[in-house]
Amino acid sequence: EGEIVGFVSGYVKDNAPDTYFLWQVAVGEKARGTGLARRLVEAIMSRPELDNVHHLETTIPPDNQASWGLFRRLAARWQAPLNSREYFSTEQLGGEHDPENLVRIGPFQTDSM
């Protein structure tokens with residue numbers, strides 16, 4: 001009790017005010033598999049300040065199955081398309097990091113959360 005078990009950070013994009021970029025989702029080991037990541041994201045996306053946001057973006061490496069699963073579940077729950085494309089190649093990231101895909105859900109309606 002009183003322990004932080006999850007964290008989300010992100011921002012509304014200046015050049016695309018209908019898009020929230022999810023920078024990071026972290027869930028502690030004790031809370032994994034409980035749906036906490038989804039609940040945290042939906043809590044943020046359902047804030048009145050984000051009523052004009054209809055897209056969610058993030059970057060995910062190809063092998064991060066937990067993040068892919070989260071985004072697929074969100075897209076299904078929100079009845080919105082999910083699209084992805086390579087955003088940063090291994091070479092662009094200095095050759096020592098896996099590539100990152102830009103993943104985008106939307107458009108969606110915030111009242112679907």
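Me: Is Phe21 buried or exposed?
Reply: Buried. In this predicted model, Phe21 has a relative accessible area of 8%. The cut-off for buried is under 20%, so Phe21 counts as buried.

Me: How many aromatic pairs does the structure hold?
Reply: Three. One of them is Tyr11 with Phe21. That pair is tilted, at 5.6 Å centre to centre and 35 degrees between the planes.

Me: Where do Tyr11 and Phe21 sit in the chain?
Reply: Tyr11 is in strand β1 (residues 6–13) and Phe21 is in strand β2 (residues 16–27). They are 10 residues apart. Tyr11 is partly exposed, at 41% relative accessibility.

Me: Which residues do ring pairs link into a cluster?
Reply: Tyr11, Phe21 and Trp23.

Me: OK, new spot. Where is Thr58?
Reply: In strand β3 (residues 55–60). Thr58 is buried, with a relative accessible area of 7%.

Me: What does Thr58 touch?
Reply: Leaving out residues up to four places away in sequence, Thr58 touches Phe21, Leu22, Phe71, Asn101, Leu102 and Val103. A polar atom of the Thr58 side chain also lies 2.7 Å from the backbone oxygen of Leu22.

Me: And Ala43, which helix is that in?
Reply: Helix α1, residues 36–45. Ala43 is partly exposed, with a relative accessible area of 43%.

Me: What separates the C-alpha atoms of Ala43 and Met113?
Reply: A distance of 8.4 Å. Along the chain, Ala43 and Met113 are 70 residues apart.

Technical notes. Residues are numbered from 1 along each chain as its sequence is written. This is a predicted model: local features need pLDDT of at least 70, side-chain atom pairs count only at pLDDT 80 or more; totals for chains, interfaces and linings use all residues. Side-chain values use heavy atoms; hydrogens and water are left out. Helices (H or I, at least four residues) and strands (E, at least two) are DSSP runs, numbered from the N terminus. Buried means under 20% relative accessible area, exposed over 50%, partly exposed in between (1.4 Å probe, protein chains only). A polar contact is a pair of N or O atoms within 3.5 Å; within protein, one must be able to donate a hydrogen and the other to accept it, and residues adjacent in sequence count only if both atoms are side-chain atoms. Contact means heavy atoms within 4.5 Å. Rings of Phe, Tyr and Trp (its six-membered ring) pair if their centres lie within 6.5 Å; planes under 30 degrees apart count as stacked, over 60 as edge-to-face and the rest as tilted.
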